[in-house]
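Hello,

I am passing on to you the structure we spoke about, and I would be glad if you kept it open while you read the notes that follow. Please bear in mind throughout that this is a predicted model.

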Amino acid sequence: MGDHAPVAAEEYDYEGLPPNFTLVENMAAGAFAGIAEHTLMYPFDLLKTRLQVLNPSPGGLYTGVSHALSTISKAEGIGSLWRGISSVVLGAGPAHAVYFATYEAVKHAMGGNNGNEHHPLAAATSGACATIASDALMNPFDVIKQRMQVHGSVYRSIVQCTRTVYRNEGLAAFYVSYPTTLCMTVPFTALQFTAYESLSKVFKTRKGYDPVTHCGAGALAGAFAAGLTTPLDVIKTLLQTRGTANDAEIRSAKGIFRAASIIKRQHGYAGFFRGLRPRIITTMPSTAICWSSYEMAKAYFIRHQDD
């Protein structure tokens, strides 16, 4: 991505990147997409976390999304739906910058930008590589976020939460769910990117930036991937919130298989799909916003390079 003479928009395929599109611009587009996505959808993410927690504290048991929303709003105030958002804003920018930079680099290296045909292997591989890199940055912020989201959380700031978790559980607490996160996000992202790339080509009616296509393809791809990976998301939530659990068995849970056995024993197979509806409800607009924002920022940089 070195310096090149400006390239007219019509001379390259928009789905790829022009030769003079810099790494900084690509990362800026990714950071913009990440912050936009997580900020707008944060209340729904909080509802998902509350619904997935096993054996919550008194007052934290909900029958569904609507009940959770009304109960939290009345008992804790509407502002509580954004508790912990500062952790996401701090982490989402850098993590998504790395995410999309890795995605574009691997996709280009594997020939995913060549022609108009489908490249499912390139899309899946670029998505997997992107999430491995970005989750290494985002996982500690995600742990802090979920510790602040649960009912009865005693944390009032990300600094307080970080210090307390580090003092009581050590550095490992910020990465105890990382293997599970990767087990979930690698297939999630591979499925999402493959579906998005394919749906974009099917839906697209014109060359260049097409917000309707990017939004629709992003939403459907996100729903598809979210539904299939919900069991892993439930396991991840248990591991990330174990320090706040009242159940001694959950508090001592370590690793994917131990967490899965606890869920199976306490709630049966249905336990692996706790929060399925809010996860899909959250993911559809979330991925639509993320892809639309990224493609919009990418189009902005491309257009200004041509001026």
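I began with a pair of helices. Helix H4, which covers residues 120-149, packs with helix H7, residues 211-240, at an angle of about 75 degrees, and their axes lie 9 Å apart. Because angles of 65 to 115 degrees count as roughly perpendicular, H4 is described as roughly perpendicular to H7. On the H4 side the contact is made by Asn139, Asp142, Val143, Gln146 and Arg147, while H7 contributes Lys236, Thr237 and Gln240. Sorted by class, the contact of H4 with H7 has 1 nonpolar, 4 polar and 3 charged residues.

The largest pocket has a volume of about 400 Å³, and of the 28 residues that line it, Val150, Thr241, Gly243, Thr244 and Ala245 are the closest to its centre. The elements that give two or more residues to this lining are helix H5 (158-169) and helix H8 (248-251), and H5 supplies the largest share, 4 residues. By class, the lining of the largest pocket has 11 nonpolar, 12 polar and 5 charged residues.

The second largest pocket holds about 230 Å³ of space. Its lining has 14 residues, of which Leu51, Tyr62, Thr63, Gly64 and Gly275 are the closest to the centre, and the elements giving two or more residues to that lining are helix H1 (23-52) and helix H10 (276-306). Here the classes are 7 nonpolar, 4 polar and 3 charged residues.

With best wishes

Terms used
Residues are numbered from 1 along each chain as its sequence is written. This is a predicted model: local features need pLDDT of at least 70, side-chain atom pairs count only at pLDDT 80 or more; totals for chains, interfaces and linings use all residues. Side-chain values use heavy atoms; hydrogens and water are left out. Axes are lines fitted to C-alpha atoms, for helices over the stretch in contact, and angles run from 0 to 180 degrees between N-to-C directions. Angles under 35 degrees count as roughly parallel, over 145 as roughly antiparallel, 65 to 115 as roughly perpendicular and the rest as oblique. Contact means heavy atoms within 4.5 Å. Ala, Val, Leu, Ile, Met, Phe, Trp, Tyr, Cys and Pro count as nonpolar, Asp, Glu, Lys and Arg as charged, and the others, Gly among them, as polar. On a 1 Å grid over the protein atoms alone, a cavity is a set of points where a 1.4 Å probe fits but cannot get out, and a pocket is an open set with protein on both sides within 12 Å along at least five of seven lines; lining residues have an atom within 4 Å of a point. Grid points are joined across faces, edges and corners, and a volume is the space filled by probe spheres set on the points.
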